[in-house]
Amino acid sequence: MAHFLTYLLLSFLIIYDSLGLSQSNQFCDAGVGYPESTCGFSSSSSSKLLIKGGTVLNAHQQEVADVYVEDGIIVAVKPNIKVDEDVTLLDATGKYVMPGGIDPHTHLAMEFMGTETIDDFFSGQAAALAGGTTMHIDFVIPVNGSLVAGFEAYKKKAKKSCMNYGFHMAITKWDESVSREMEIMVKEKGINSFKFFMAYKGSLMISDELLLQGLERCKSLGALAMVHAENGDAVFEGQKRMIDLGITGPEGHALSRPPVLEGEATARAIRLAKFVNTPLYVVHVMSIDAMEEIARARKSGQKVIGEPVVSGLVLNDSGLWDPDFVTAAKYVMSPPIRESGHDKALQAALSTGVLQLVGTDHCTFNSTQKAFGIDDFRKIPNGVNGIEERMHLVWDTMVESGQISVTDFVRITSTE
C-alpha cells in the first residue's frame, strides 16, 4: 500500500507543501491573494513534513497511518512514524488524508462562440486548488485545424499555471495532415486522447465518415478516442423549430436538444467504435438515454468509459426555466442539464460502476458574455462551472448519502 500511496498522494502533498513559497510567488506575480509585504520572501521552515494520525485513503483501502514527506516527496506511509525535531507536524487525527482530485474535463482560456472563457489557466487552477483538485486535463482546440499550432497556442496559455495539468486534443476536421499530426501528438507531445464532436454543426462537428477515420487512427496509435455525443444535424433542426415557434429564451436550448438525441449519438459512436474495435470515452454523460447505451455496451464486454459531470449529477433543468434571463443563461451547457430524474439515475450508475469517473466540463462565461444570446438562445455561450465545486459536491451527494464509500470517492475523483 505504501508504494501505491506514494504515487497517488504525491500530487496533493507536493502542492500542499510548496504553496507557501513557489506557489505564493506565482500568486504575487498575478497580483492577487498575497499582500506585497509577503511577496518574494524566502521560507526558513523545514522541508520535512509529517502528517500524523489521519485516516489515509486510496482507491482500495483505508488505514490510520502517518505520512512522512521530505522535499516534496513521500518517503513513508505507516503507523507511528518516528522523526527528529526539525519537522513540520500536521495533526490529522479524525480527518481523511487522500489524493488531490484530478478533473479530466476542463476548458480554460478556450475561444468559443465568439468569445473566450472567463477562467484562464491561473484563475481556473486557483479555483481548483481551493476545492481540493490538484490536477486537470484541458482540451487543446486546433488552430485552423492544425493540431501542432493548437498545441503551441495552449502551451502559451498555460504559462501562468499554478498546478499540474495535462492535455487532450480536439479534432475538428480530417485530412492527411491531421492524421500525421496525431502521431506527433502521441509520440512527441505526450497527448494520447482525442475528442471528436458529433455536435456544433458548422463549427466543431465532424461527419460519421470522418469519425470512422479518426477512430481507426486512434486505434493504430494506441490512443483513446473521446466523443461529445449529440446528433448535431437533429439539434440544428431542433433549434430552428424552437425559433419558428417563438421560443428564444434559455429554455429553448434544452427543448432543442432532448435526451433522445444524446442517446442516439452515444449509441452510434459506440457501434462505430465496436466496428473499428477500439476503446471509446464518452464525455459529459447527461441523460438516462446515453447512460443506458453505455451500460448495454459494457455488459456486452465492449470497452466504453462513461464520464458524468458534476452539474449533471446534482442539478436539474429547472434553472433553465427561470424567468430572469441572467439566471437561466447560467445553466446553458451542452448536452443540456436534464429534467429531474436523470440526475438520480446518473448517481446510481456512478455508484454501480456503469459510469467510471466524474469531470466538470468547466467552461465559464460571465453574464455579459451569456447576454450575447438574450434574443436567441443559440448565441448563448455554452458552459458552466465546477472545477472548484466538484470534490465537495461529489462527497456531499455520493458519500454522505451512502451511495459510495470513501475509497470509491478517491477512485472516481482521482484514481480513474
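Me: What does accessible area mean for this predicted model, and how much of it does the protein chain have?
Reply: Accessible areas come from the Shrake-Rupley method with a 1.4 Å probe. The accessible surface of the protein chain comes to about 17900 Å², and carbon and sulfur atoms hold 52% of that surface. The model is a predicted one.

Me: What share of the protein chain is buried, and what makes a residue count as buried?
Reply: A residue is buried when its relative accessible area is under 20%. Of the 416 residues in the protein chain, 54% are buried. The chain has 15 helices and 14 strands.

Me: Why is C162 called buried?
Reply: The relative accessibility of C162 is 1%. The cut-off is under 20%, so C162 counts as buried. C218 has a relative accessible area of 0% and is therefore buried by that rule.

Me: Which residues of α14 and α15 meet?
Reply: From α14, R390, M391, V394, W395 and V399 take part. They meet V406, F409, I412 and T413 in α15.

Me: What makes α14 a mostly covered helix?
Reply: Seven of the ten residues in α14 are buried. They are R390, M391, V394, W395, T397, M398 and V399. Their cover includes the strands β5 (96-97), β6 (101-106) and β9 (133-140), along with the helices α10 (310-314), α12 and α15.

Me: Why are α9 and α12 called roughly parallel?
Reply: The axes of α9 (residues 288-299) and α12 (residues 342-352) cross at roughly 25°. Angles under 35 degrees count as roughly parallel, so the name applies to this pair. The axes come within 9 Å, and α9 passes α12 in a left-handed crossing. I288, D289 and M291 in α9 meet H342, A345, L346 and A349 in α12.

Me: Is T278 buried or exposed, and what does T278 touch?
Reply: T278 has a relative accessible area of 6%. That value is under 20%, so T278 is buried. T278 sits in the loop between α8 (259-276) and β13 (280-282). Leaving aside residues up to four places away in sequence, T278 touches L215, K219 and A273.

Me: Why is N80 called exposed?
Reply: Exposed means over 50% relative accessible area. N80 has 58%, so N80 is exposed. N80 lies in the loop between β3 (73-78) and β4 (88-91), and has a positive phi of about 55° although N80 is not a glycine.

Me: Is N144 buried or exposed, and where is N144 found?
Reply: The relative accessibility of N144 is 75%, which is over 50%, so N144 counts as exposed. N144 is found in the loop between β9 and α3 (147-157). Phi of N144 is near 50°, a positive value in a residue other than glycine.

Technical notes
Residues are numbered from 1 along each chain as its sequence is written. This is a predicted model: local features need pLDDT of at least 70, side-chain atom pairs count only at pLDDT 80 or more; totals for chains, interfaces and linings use all residues. Side-chain values use heavy atoms; hydrogens and water are left out. Buried means under 20% relative accessible area, exposed over 50%, partly exposed in between (1.4 Å probe, protein chains only). Helices (H or I, at least four residues) and strands (E, at least two) are DSSP runs, numbered from the N terminus. Contact means heavy atoms within 4.5 Å. Axes are lines fitted to C-alpha atoms, for helices over the stretch in contact, and angles run from 0 to 180 degrees between N-to-C directions. Angles under 35 degrees count as roughly parallel, over 145 as roughly antiparallel, 65 to 115 as roughly perpendicular and the rest as oblique. A crossing is left-handed if the near helix is turned anticlockwise from the far one by less than a right angle, and right-handed if clockwise.
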